[in-house]
Structure formats: structure tokens, C-alpha cells
Amino acid sequence: MNNSDTSIRGTSLEGKQFLIVDDDPIIRMVMGSMFKKWHNTFVEMAVDGEQALEKLQQGYFDLIIMDLQMPVLNGYQTAKAIRGGVCGEFYKKIPIIAVTADLSEVAKSQTLLMDNVLTKPFNNDSLQTAIRNCLFSEPNMSRKMG
């Protein structure tokens, strides 16, 4: 897969806006550089769940990529707040991809709060696949329209 290719099998990521939530500045930098290679996609960063909730209340995003272990509000607490409507009705069903370095967290994160889980480290291809699965799979398409 070409790193700059944002249109594969009719699932263009062009114009999509992503919120990356991670307290690790290196992870934010790496993910930011991944997204820079994807033409016409937009990324905003948050350092913890509390900041993520603020950003969701102030702007528009198509998908959230969120670390599970963070200070202030962790990924589970943040997802629960989002799904509970803290950021408005629209965001209750926003796709959330959980990211974790702790393999034991994967089992715990398989809940209705998360749409997908990536284990760190992950690469460009696995990130694009997870995003496409969340944005363009049949259940999510009907969920967003409904």
C-alpha cells in the first residue's frame, strides 16, 4: 500500500478529520507524520481525555484514535463520556479506535465503547485498515446515516 494513497477500493480518506488522543509526545509525533503522508486528511492532537472532550465540543471530527492509558481521563473514561453524550448527540456514535501497548488491555477494550483496537507498535497499513473498517463498514455506514 502506498503511504500517500488515501483512496483505496472506493474508500477515500480525503477530507476526513481525525482526533488523536495520546499523552506520549513521541506517539503523537509518529502518528502525525503518518497522517502527513495521507494527502488532504486533517489531524488534531489532544494529550489526555479531558482535552479530547474539549476539542470534540469545539470542532468536527470523523474518527477518534485514542490511547487507553492516559492521565486525567483515560481512554475508557473518555469513551464512556463520549458515548454518554457529554460532547453532544452527534458524537455518541463516532468511531473510536483504541490504541494500547499493553496486550492485556486488548481483552478489556473489546466493549461497545470502542470500534476497533490497535496494539502498539502499529504501522501505516494497519492504521489505514482500522480507519477504513470503522468508517466504511456496512454497520458503521448505516449507523452514521440512521
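Which residues does Asp67 touch, not counting residues up to four places away in sequence? In this predicted model, Asp67 touches Val21, Asp22, Asp23, Gly75, Val99, Thr100 and Lys120 once those sequence neighbours are set aside. Asp67 lies in strand β5, and with a relative accessible area of 5% it is counted as buried, because the cut-off for a buried residue is a relative accessible area under 20%. Thr100 stands 33 residues apart from Asp67 in sequence, yet the C-alpha atoms of Asp67 and Thr100 are 5.8 Å apart in space. Lys120 meets Asp67 through the side chains, which are joined by a polar contact of 3.4 Å.

Helix α2 runs over residues 49–58, and its buried residues are Gly49, Ala52, Leu53, Lys55 and Leu56. Seen down the axis of α2, these buried residues fall within an arc of 165°, and they therefore line one face of the helix.

Is Lys55 buried or exposed? Lys55, whose place is in helix α2, has a relative accessible area of 17% and is buried, because the cut-off is set at under 20%. Leaving aside its neighbours within four places in sequence, Lys55 is in contact with Leu19, Glu44, Met45, Ala46 and Phe61.

In general, two packed helices are described by the angle between their axes and the distance between the axes. Here the axes of α2 and α3 come within 9 Å and cross at roughly 25°, and the two helices are therefore roughly parallel to each other, since angles under 35 degrees are counted in that way. The crossing of α2 and α3 is right-handed, and the contact is made by Gly49, Ala52, Leu53 and Leu56 on the side of α2 and by Thr78, Ala81 and Ile82 on the side of α3. Gly49, Ala52, Leu53 and Leu56 of α2, which make this contact with α3, also belong to the buried residues of the helix.

Note on methods: Residues numbered from 1 in each chain as written. Predicted model: local features only at pLDDT ≥ 70, side-chain atom pairs only at ≥ 80, totals over all residues. Heavy atoms only, no water. Buried < 20%, exposed > 50% of the residue type's maximum accessible area, 1.4 Å probe, protein only. Helix = DSSP H or I, 4+ residues; strand = E, 2+ residues; numbered from the N terminus. Arc of directions from axis to C-beta. Axes fitted to C-alpha atoms, helices over the stretch in contact; angles between N-to-C directions. Parallel < 35°, antiparallel > 145°, perpendicular 65-115°, else oblique. Left-handed = near helix turned anticlockwise from the far one by under 90°. Contact = heavy atoms within 4.5 Å. Polar contact = N/O pair within 3.5 Å; in protein donor to acceptor, adjacent residues only side chain to side chain.
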